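Have the sequence and the 3D view ready.

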Amino acid sequence: MQKIAIAIDGYSSTGKSTLAKQLAKALNYKYIDTGAMYRAVTLFAMQNGFISDEKEDLGALVKLLPSIKLNFVPNEELGFSEIYLNGENVEKEIRTLQVSRFVSRVAEVEQVRHKLVEMQKALGREKGIVMDGRDIGTVVFPDAELKVFMTASPQARATRRYKELLDRGDRVSYEEVLENVQKRDFIDSNREFSPLRKAEDAIEFDNSDMGLVEQFERLHSIALRCMEKVQ
């Protein structure tokens, strides 16, 4: 069966990455987590004091963008690739609520988006990929054979994210997580460069009331039908 490019976009905490990983594994496709790339750049900005509750100097971040090296390294035990920032595995560090608080601000910087979009296009030039993010079907791969736009209510997404953070051992409140989800929605949808929006030919996928198994089975079926059509 001919391989295709699959673009999965949508709001934060809709489970895009989890579903994309499962789909890539089932199809034996390469998985690329673009959200991890923006989180890694945000972590870099935090580590260098360019963004915090007290300070924001994204101009200084832009000047150092050429020094940022991002790589995805396969982890055979986990079954997917982890992201490395300048040679260091930061997969765990980028998933904190603190990074989540600042990632939308960093991601709306034009120079940051330009750098990462170029990297994403280079990573996915060959077919047989599943890539998830905010602008994959609209900017990175507008010609992808299958585009999916994932959505769910803010409350459903906050509940999932809250449980995930608690399982990691983070001390957060549900109200804090819900506020973060709603704030990221606004920033992602209203930024000047590459705002979050559904591509005209994307399939809308609302998983507010779906479990993980049902989500995967539905999307896997959609992908197989799409692959059959392009033969």
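Sorted by class, the lining of the largest cavity has four nonpolar, one polar and four charged residues. Here Ala, Val, Leu, Ile, Met, Phe, Trp, Tyr, Cys and Pro count as nonpolar, Asp, Glu, Lys and Arg as charged, and the others, Gly among them, as polar. The model is a predicted one: local features need pLDDT of at least 70 and side-chain atom pairs pLDDT 80 or more, while totals for chains, interfaces and linings use all residues. Residues are numbered from 1 along each chain as its sequence is written, and side-chain values use heavy atoms, without hydrogens and water.

So how do you find a hole in a protein? Rolling a probe the size of a water molecule over the atoms shows where empty space is left. On a 1 Å grid over the protein atoms alone, a cavity is a set of points where a 1.4 Å probe fits but cannot get out, while a pocket is an open set with protein on both sides within 12 Å along at least five of seven lines; a lining residue has an atom within 4 Å of a point. Points are joined across faces, edges and corners, and the volume is the space filled by probe spheres set on them.

Searching the whole structure turns up one cavity of 30 Å³ or more. Among the residues lining the largest cavity are Lys-21, Tyr-31, Phe-72 and Arg-95. The elements giving two or more residues to this lining are β2 and β4 (80-85); strands (E, at least two residues) and helices (H or I, at least four) are DSSP runs, numbered from the N terminus.

| Space | Volume | Lining by class |
|---|---|---|
| Largest cavity | about 30 Å³ | four nonpolar, one polar, four charged residues |
| Largest pocket | about 870 Å³ | seven nonpolar, 13 polar, 18 charged residues |

Of the 38 residues lining the largest pocket, the closest to its centre are Ser-13, Gly-15, Ser-17, Arg-95 and Glu-164. Which helix gives the largest share of this lining? That's α2, with five residues.

And the strands? Five of them form an open sheet in the order β2-β6-β1-β7-β8, with parallel pairing (two strands pair if DSSP finds at least two bridges between them). At the edges, β2 (30-33) and β8 (203-206) each pair on one side only. Strand β1 (residues 5-10) is joined to β6 by five bridges, and Ile-6 has Val-130 in β6 as its bridge partner.
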